[in-house]
Amino acid sequence: MEHTYQYAWIIPFLPLPIPMLLGVGLLLFPTATKNLRRMWSFTSVLLLSIVMTFSVNLSIPQINSSSIYQYVWSWTINNDFSLEFGYLIDPLTSIMSILITTVGIMVLIYSDNIYVS
(Lines give C-alpha, C1' and ligand atoms only; values in the text may rest on other atoms or scores of the structure.)
Protein backbone atom coordinates (compact mmCIF):
# COMPACT_ATOMS: atom_id res chain seq x y z
CA MET A 1 0.00 0.00 0.00
CA GLU A 2 2.86 2.39 0.76
CA HIS A 3 4.21 1.74 -2.75
CA THR A 4 1.00 3.09 -4.32
CA TYR A 5 1.03 6.27 -2.25
CA GLN A 6 4.53 7.18 -3.40
CA TYR A 7 3.21 7.77 -6.92
CA ALA A 8 0.11 9.78 -6.00
CA TRP A 9 1.78 12.94 -7.32
CA ILE A 10 1.25 11.52 -10.83
CA ILE A 11 -2.51 12.16 -10.61
CA PRO A 12 -2.37 15.94 -11.25
CA PHE A 13 0.75 15.95 -13.42
CA LEU A 14 0.21 13.13 -15.96
CA PRO A 15 -2.54 14.81 -18.02
CA LEU A 16 -0.96 18.28 -17.72
CA PRO A 17 1.44 18.21 -20.75
CA ILE A 18 -1.31 17.65 -23.34
CA PRO A 19 -3.26 20.89 -22.70
CA MET A 20 0.02 22.78 -22.49
CA LEU A 21 1.23 21.36 -25.82
CA LEU A 22 -2.20 21.99 -27.34
CA GLY A 23 -2.14 25.62 -26.22
CA VAL A 24 1.35 26.19 -27.57
CA GLY A 25 0.38 24.41 -30.80
CA LEU A 26 -2.66 26.62 -31.22
CA LEU A 27 -0.52 29.72 -30.72
CA LEU A 28 2.30 28.71 -33.06
CA PHE A 29 0.66 26.35 -35.59
CA PRO A 30 -3.11 26.89 -35.48
CA THR A 31 -4.14 25.12 -38.68
CA ALA A 32 -1.95 22.06 -38.12
CA THR A 33 -3.13 21.74 -34.52
CA LYS A 34 -6.79 22.01 -35.54
CA ASN A 35 -6.27 19.36 -38.22
CA LEU A 36 -4.84 17.00 -35.59
CA ARG A 37 -7.78 17.55 -33.21
CA ARG A 38 -8.72 13.86 -33.01
CA MET A 39 -5.18 12.86 -32.06
CA TRP A 40 -5.08 15.49 -29.30
CA SER A 41 -8.46 14.46 -27.93
CA PHE A 42 -7.57 10.76 -27.99
CA THR A 43 -4.33 11.44 -26.11
CA SER A 44 -6.12 13.60 -23.54
CA VAL A 45 -8.80 10.99 -22.90
CA LEU A 46 -6.20 8.22 -22.74
CA LEU A 47 -4.02 9.99 -20.18
CA LEU A 48 -7.02 10.99 -18.07
CA SER A 49 -8.27 7.38 -18.19
CA ILE A 50 -4.89 6.20 -16.92
CA VAL A 51 -5.11 8.75 -14.11
CA MET A 52 -8.66 7.60 -13.29
CA THR A 53 -7.48 3.98 -13.11
CA PHE A 54 -4.67 5.05 -10.82
CA SER A 55 -7.15 6.99 -8.66
CA VAL A 56 -9.36 3.92 -8.34
CA ASN A 57 -6.31 1.83 -7.47
CA LEU A 58 -5.37 4.39 -4.85
CA SER A 59 -8.84 4.64 -3.33
CA ILE A 60 -9.60 0.94 -2.83
CA PRO A 61 -7.20 0.54 0.14
CA GLN A 62 -8.30 3.94 1.44
CA ILE A 63 -11.96 3.00 1.55
CA ASN A 64 -11.26 -0.40 3.11
CA SER A 65 -8.94 0.78 5.89
CA SER A 66 -9.85 4.49 6.38
CA SER A 67 -6.21 5.34 6.91
CA ILE A 68 -4.62 8.70 6.19
CA TYR A 69 -1.36 9.11 4.32
CA GLN A 70 0.53 12.39 4.38
CA TYR A 71 3.76 13.14 2.60
CA VAL A 72 5.48 16.48 3.24
CA TRP A 73 8.85 17.63 2.01
CA SER A 74 10.81 20.80 2.55
CA TRP A 75 11.52 22.89 -0.47
CA THR A 76 13.72 25.48 1.19
CA ILE A 77 14.99 25.85 4.72
CA ASN A 78 16.52 29.05 6.11
CA ASN A 79 17.15 30.09 9.69
CA ASP A 80 13.53 30.65 10.74
CA PHE A 81 11.77 30.06 7.42
CA SER A 82 10.82 26.71 5.99
CA LEU A 83 8.67 26.19 2.91
CA GLU A 84 7.09 22.76 2.91
CA PHE A 85 4.58 21.19 0.62
CA GLY A 86 3.24 17.75 -0.06
CA TYR A 87 0.02 15.82 -0.33
CA LEU A 88 -2.56 14.23 1.93
CA ILE A 89 -4.54 11.15 0.95
CA ASP A 90 -7.60 10.24 2.97
CA PRO A 91 -10.91 8.59 2.00
CA LEU A 92 -12.50 11.90 0.96
CA THR A 93 -9.50 12.85 -1.19
CA SER A 94 -9.50 9.49 -2.95
CA ILE A 95 -13.24 9.65 -3.68
CA MET A 96 -12.89 13.20 -5.00
CA SER A 97 -9.99 12.20 -7.28
CA ILE A 98 -12.17 9.47 -8.82
CA LEU A 99 -15.06 11.89 -9.22
CA ILE A 100 -12.98 14.65 -10.80
CA THR A 101 -11.20 12.36 -13.26
CA THR A 102 -14.47 10.69 -14.29
CA VAL A 103 -16.18 14.04 -14.88
CA GLY A 104 -13.08 15.25 -16.74
CA ILE A 105 -13.20 12.27 -19.10
CA MET A 106 -16.90 12.82 -19.76
CA VAL A 107 -16.34 16.52 -20.47
CA LEU A 108 -13.47 15.75 -22.86
CA ILE A 109 -15.54 13.19 -24.78
CA TYR A 110 -18.57 15.49 -24.92
CA SER A 111 -16.59 18.54 -25.99
CA ASP A 112 -14.84 16.56 -28.71
CA ASN A 113 -18.10 15.22 -30.12
CA ILE A 114 -20.00 18.51 -29.96
CA TYR A 115 -17.60 20.32 -32.30
CA VAL A 116 -17.61 17.68 -35.04
CA SER A 117 -20.02 19.55 -37.30
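Which helix do the buried residues of α6 pack against? They pack against α5, which covers residues 37-65. Please keep in mind as you read that this is a predicted model.

**Helix α6**

- Helix α6 runs over residues 91-114 and has 24 residues.
- From its first C-alpha to its last, α6 reaches 35 Å, which is close to the 34 Å expected at 1.5 Å a residue.
- Five names to look for in α6 are Ser94, Ser97, Thr101, Ile105 and Asp112, and these residues are buried.
- An α-helix has 3.6 residues a turn, so residues three or four places apart point the same way.

**How α5 and α6 meet**

- The axes of α5 and α6 come within 9 Å and cross at roughly 160 degrees.
- Angles over 145 degrees count as roughly antiparallel, and α5 and α6 are therefore roughly antiparallel to each other.
- The residues that make the contact of α5 with α6 comprise 12 nonpolar, 12 polar and three charged ones.
- As for its handedness, the crossing in which α5 passes α6 is left-handed.

**How α3 and α5 meet**

- Helix α3, made of residues 17-28, packs with α5 at an angle of about 160 degrees, and their axes are 9 Å apart.
- Here too the cut-off of 145 degrees is passed, so α3 and α5 are roughly antiparallel to each other.
- The crossing of α3 and α5 is left-handed.
- On the α3 side, the contact is made by Ile18, Leu21 and Leu22, while α5 brings Trp40, Thr43, Ser44 and Leu47.
- Sorted by kind, the residues of this contact of α3 with α5 are five nonpolar and two polar, with no charged ones.

**Thr33, in helix α4**

- Thr33 belongs to helix α4, which spans residues 30-35.
- Is Thr33 buried or exposed? Its relative accessible area is 7%, so Thr33 is buried, given that buried means under 20%.
- Beyond its neighbours within four places in sequence, Thr33 is in contact with Leu22, Gly25, Leu26 and Trp40.

**Strand β1: Trp75 and Gln70**

- Trp75 sits in strand β1, residues 69-77, and Gln70 is found in strand β1 as well.
- Trp75 has a relative accessible area of 59%, and Gln70 has one of 56%.
- The cut-off for exposed is over 50%, which is why Trp75 counts as exposed and why Gln70 does too.
- Setting aside neighbours within four places in sequence, Trp75 is in contact with Leu83, Glu84 and Phe85.
- With the neighbours left out in that way, Gln70 is in contact with Tyr87 and Leu88.
- Trp75 and Gly86 are 11 residues apart along the chain, and their C-alpha atoms are separated by 9.8 Å.
- From Gln70 to Ile95 there are 25 residues in sequence and 16 Å in space, C-alpha to C-alpha.

**Two partly exposed residues**

- Tyr7 lies in the loop between α1 (2-5) and α2 (10-13).
- Where a residue falls between the cut-offs of 20% and 50%, it is called partly exposed, and Tyr7, at 36% relative accessibility, is therefore partly exposed.
- Although Tyr7 and Phe54 are 47 residues apart in sequence, their C-alpha atoms are 9.2 Å apart in space.
- Back in helix α6 you will find Thr102, which counts as partly exposed at 27% relative accessibility.
- Thr102 and Ser67 are 35 residues apart in sequence, and the distance between them is 23 Å, C-alpha to C-alpha.

How values were computed
Residues numbered from 1 in each chain as written. Predicted model: local features only at pLDDT ≥ 70, side-chain atom pairs only at ≥ 80, totals over all residues. Heavy atoms only, no water. Helix = DSSP H or I, 4+ residues; strand = E, 2+ residues; numbered from the N terminus. Expected span 1.5 Å × (residues − 1). Buried < 20%, exposed > 50% of the residue type's maximum accessible area, 1.4 Å probe, protein only. Contact = heavy atoms within 4.5 Å. Axes fitted to C-alpha atoms, helices over the stretch in contact; angles between N-to-C directions. Parallel < 35°, antiparallel > 145°, perpendicular 65-115°, else oblique. Left-handed = near helix turned anticlockwise from the far one by under 90°. Nonpolar A, V, L, I, M, F, W, Y, C, P; charged D, E, K, R; others polar.
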